[in-house]
Amino acid sequence: MRSQTEPSAMPWPHAGPCAGTIVLIHGVGSNASRWEEFTEQTPLREGWRIIRLDLRGHGASESREKATLEIHAADLMRVLDDAGIEKAVLVGHSLGAQIAMRAAVLYPDRIQGMVLMDPLVTSALTPSALAHRRKYPLLVTVEFLARMLNALGIRRRMPHYSLRAHDRKAREMLARGGDALQAFIDEYSSPLKDLGHIHTACYMRDILEVGRETPDLSGVGFPVLVIGASSGTFTDAGRMQEWVRSLRDGSWAVVNCFHWPLTECPEEVSRIIEEWIGREFRG
């Protein structure tokens, strides 16, 4: 039986020579099913070992511990250690991108490269995203109360939640446009919807961690690809590109989406990642 303090990792099997390892890290209120389509369809699976995982407190990784970015980063290193992997390319979306950036600061020698999908870079946050920070005292209070109830044995049972099935419905809404498009935005940014498949304390901690200050990555010695969102829902693409220029070996791409590129434009995102990995890691 898996310990409650371990993330649940799902490696994609492959045969033949291995170019390296790619670790896929999901975002707030999400789980490893977010990456199912990518792992099944990407040609990278022919030459790379691909690992997707449920972060601590998400999906199959039940945990009552307060999972900070540092704890998540340490969990990633434990996954690599358990698999006997020295270095990996980290691919993270939203919270996953924040975790990857924290790992880059704490464990730079374990990272071969990094893909950040709409990371909440502090200098690129929109006014509406910055306004959310005023809610942090409330989030801390709700998290504290939820953990007290958990300690008393009051805790919901979480059914399995497939983001793949949810994404199919979302793409139908996107295709219809108009009111359906607005309904998509409302649903995918709704805390009430997210709380239907994640414990309250874990979700509040997700929101708090994703909003932390961006660490200084100007000195990292490995290549970094940043994929920005065109809409400006949480980040401004222009200011994000300026931040990318501060990186020693940064690459930039922008896709037409709000904040959920794997849902909104999966083929384009996959192509950008595949081409970048092909260029940077030919050997």
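Visitor: What volume does the largest pocket have?
Guide: This is a predicted model, and in it the largest pocket has a volume of about 830 Å³.

Visitor: Which residues lie nearest its centre?
Guide: Of the 35 residues lining the largest pocket, Val28, Ser189, Tyr203, Ile207 and Phe234 lie nearest the centre.

Visitor: And which helix gives the most to that lining?
Guide: Helix α9 does, with four residues. At least two residues each come from α5 (136–151), α6, α7, α8 and α9.

Visitor: How do the lining residues divide by class?
Guide: The lining of the largest pocket has 17 nonpolar, 12 polar and six charged residues.

Visitor: How much space lies in the second largest pocket?
Guide: The second largest pocket holds about 300 Å³. It is lined by 22 residues, and Asn31, His58, Gly59, Ala60 and Pro159 are the closest to its centre. Its lining is made up of seven nonpolar, 11 polar and four charged residues.

Visitor: Turning to cavities, how many are there of 30 Å³ or more?
Guide: The count is one, with about 50 Å³ of space in this largest cavity. Its lining includes His58, Glu65, Arg147, Arg205 and Asp206. By class, five of the lining residues are charged, three are polar and two are nonpolar. Helix α9 (residues 200–210) supplies the largest share of this lining, three residues.

Visitor: Now Leu125: is it buried or exposed?
Guide: Leu125 is buried, because its relative accessible area is 5%, which is under the 20% cut-off. This residue sits in the loop between β5 (111–117) and α4 (127–131).

Visitor: What does Leu125 touch, leaving out residues up to four places away in sequence?
Guide: Leu125 touches Leu120, Leu130, Arg133, Phe234, Thr235 and Arg239.

Visitor: Which residues of helix α7 are buried?
Guide: In α7 (residues 178–188), the buried residues are Ala180, Phe184, Ile185, Glu187 and Tyr188. They pack against α6 (163–176), α8 (191–194) and α11 (261–264).

Visitor: Last topic, strand β7: which residues make up its covered face?
Guide: Ser251, Ala253 and Val255 form the covered face of β7 (residues 250–255), while Gly250, Trp252 and Val254 form the uncovered one. In a regular strand, side chains alternate between the two faces of the sheet.

Visitor: How many bridges join β6 to β7?
Guide: Six bridges join these strands, which run parallel, and Val226 stands opposite Trp252 in β7. Together with helix α10 (residues 237–245), β6 and β7 make a right-handed β-α-β unit.

How values were computed. Residues numbered from 1 in each chain as written. Predicted model: local features only at pLDDT ≥ 70, side-chain atom pairs only at ≥ 80, totals over all residues. Heavy atoms only, no water. 1 Å grid on protein atoms, 1.4 Å probe; cavity = no way out; pocket = protein on both sides within 12 Å on 5 of 7 lines; lining within 4 Å. Points joined across faces, edges and corners; volume = space filled by probe spheres on them. Nonpolar A, V, L, I, M, F, W, Y, C, P; charged D, E, K, R; others polar. Buried < 20%, exposed > 50% of the residue type's maximum accessible area, 1.4 Å probe, protein only. Pairing = 2+ DSSP bridges. Right-handed = clockwise from strand over helix to strand, strands pointing away. Contact = heavy atoms within 4.5 Å.
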